[in-house]
Amino acid sequence: LRRPRSPLADVPGPESDHWLKGTLVTFGNYGRIFQDGWDYNLQLQEKYGGVVKVHALLGVRDAHKQLYVSDPRALHYIVVKEQHIYTETDMFIMGNKLIFGDGLISTLGAQHKKQRKMLNPVFSLANMRDLLPVIQPIADSLASILLAQRRAGPREINVLPWMSRGALEYICQAALGYSFNALDPRRTNAYAEAIQKLAPSALRLIFIRPFVPLFLRTRFPLKAFQDLRGVVRAMDEASRRIFREKKARLAGVGQVKGAEAEEGEKDLGDRMRGRDIMSIMLNANMSSEESERLSDEELLGQMSTIIFAGFETTSTAISRILFILASRPDVQRKLRSEIRAAKRASGNHTEGTRWEDVGLGYDELMAVPYLDAVVRETLRVYPPTSLLARTCRQDTTLPLAHPPPARPELAAIPVPAGTNVIMSLLCANHNKAVWGADADEWRPGRWLTEKGERVPLSDVQEESESGERYPGVYASMMTFLGGGRACIGFKFAEMEIKQVLATLLSRMAFALPSQPGKTVRWKMNGLQVPVVEPPFGDGATAQVPLEVRRVAAGDFLD
Ligand code: HEM
């Protein structure tokens, strides 16, 4: 009556970290993977290779084994070639459905494909080009606010909440054509607050996430769930109201009955002139064939999905870049000098305008080589989302580009249906076999030619199956994933990060806190969480304190 041998038995991996002696239940490896797990995750790849067998949290011993994957060929199979077999986990889809409705991150199969078909063109380069000048004022306001704070108070500012407020305002204006005054802490708005709360309340639930759907439906008296229910209700009410207004505006009806602007909210319809993502989507939907059209519930579902997906990720990335620039004054000077040169040469630079006030056009912004290299390298080394989960839905075989060091004969792994897979974007981006021996190093020069020009990107999709490259949509790194569920907003994110950096660096300089011993440590809890250790901080609250001052002559290369 022995249990049949698991097909994953041959895959090397660590022992379960703790188990209650004499019971069948294990605590698995999740604690170390998801809690402050930077070193542990990288060591898993270093020691066991690109596919590692790990143990689930509170799983039944031997039965709950999962695969932790960073091998390029295996990831190509999971996200591209056999993406229909490796789908989002049931709990991810169910939880997202309850929070966001029928948006992209809550749907699977044909419905998801149909939504992507409608939405992919909405994020086209042409639309990004149109959008960029309209949202330049947000970056300008962010710069003015930081400088005003600096004048009024100490030199040190916790830049994280400001980058977060900026990113929220940015995505709300761009996606909805609405301002929620997120940059003004004195004004509150129910929708903006709900979105801001959603990230921490969802995060607090990371270990009990499988139960989210159950607790959202019931009135379970756990504070985190109660908060989440309130957040979902506020988001739903505001989305429905804005959606009605947008539809009415597009149909030429004007203001809808009962749709007065909420506290702290402004419809930017006249300034946006239909260039916001929601309007483009509604227009595209109206002009589509009947069979390809999305329902109102599906369109509605995209609103909070896009805002949530594009808010925390981008502000983490910008904060991380500012932190790196503060630690590397040489890089900061070089970058600022290039931005100044690009602004002076810009078509938007007119007689009498100061170079720092010039807003670069989309193509000009994308063509600044060192800015491009700094952004790419930061997103490679420090992906804001480091780990993603999938469930394998039918028995299959996963081929490997690089067999595990302990099992050189293992060219492919039989994966039984029901196996959960953790895709390690972090380890993929740090894989020495693909990125070279210095893969762990932050070196923007890897993206530049000897002459300092951008390295042209080859067609990575073609090469990816061989295992030489990753199937990522952005410069072959996995930060934005690849395949049919890759980040739909990666061009938007790149544009926003570059625009905010070009604006801030033109006007101010950033340095690490001058108090000896005070520094920021970035924890990797699945997402990146920057903390300040005692005695200066509590080691848990997310913050990025930096010294900020107005730019001076010595802040350039020449
Ligand atoms: C640095 C910033 C960003 C990072 C690192 C990032 C990363 C990702 C990743 C890894 C996924 C795949 C998630 C999964 O399959 O489980 C994803 C999906 C998605 N992202 Fe982003 N993202 C960023 C910014 C944005 C922005 C600015 C937007 C919107 C404007 C956006 C919208 C989305 C949406 C809607 C999806 C779901 C796509 C689908 O399932 O078809 N993201 N993102």
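F34 counts as buried because 20 C-beta neighbours lie inside 10 Å. The cut-offs run like this: a residue is buried if 20 or more other C-beta atoms lie within 10 Å of its own, exposed if 12 or fewer, and partly exposed in between, with C-beta atoms placed from the backbone. F34 sits in helix 1, residues 30–34. Helices (H or I, at least four residues) and strands (E, at least two) are DSSP runs, numbered from the N terminus. The C-alpha atom of F34 is 8.6 Å from that of L387, a residue 353 places away along the chain.

This is a predicted model, in which local features need pLDDT of at least 70, side-chain atom pairs count only at pLDDT 80 or more, and totals for chains, interfaces and linings use all residues. Numbering starts from 1 along each chain as its sequence is written.

**Around C487**

An unreviewed UniProt entry lists C487 under "binding site". UniProt positions follow the numbering used here, feature names are shortened, and annotations may be inferred rather than shown by experiment. C487 lies in the loop between helix 20 and helix 21. C487 is buried because 20 other C-beta atoms lie within 10 Å. Leaving aside neighbours within four places in sequence, C487 is in contact with F480 and L481. Contact means that the C-beta atoms of two residues, placed from the backbone, lie within 7 Å.

**Around the ligand**

The shell around the ligand has 23 residues, and A309, G310, T313, C487 and G489 come nearest. A residue is near a molecule or strand if its C-beta atom, placed from the backbone, lies within 6 Å of it.

| Helix | Residues |
|---|---|
| Helix 21 | 490–507 |

**The whole chain**

The chain has 21 helices and 16 strands. Of its 558 residues, 43% are buried. Among contacts between residues at least 6 apart in sequence, 72% join residues at least 24 apart.

How confident is the model? It scores ipTM 0.99 and pTM 0.93. The mean pLDDT of the chain is 87, and 87% of the residues reach 70 or more. Residues 203–217 have pLDDT below 50, and this stretch has 21 contacts in the model beyond near neighbours in sequence. pLDDT is the predictor's confidence in each residue, from 0 to 100. Where pLDDT is low, the predicted coordinates should not be read in detail.
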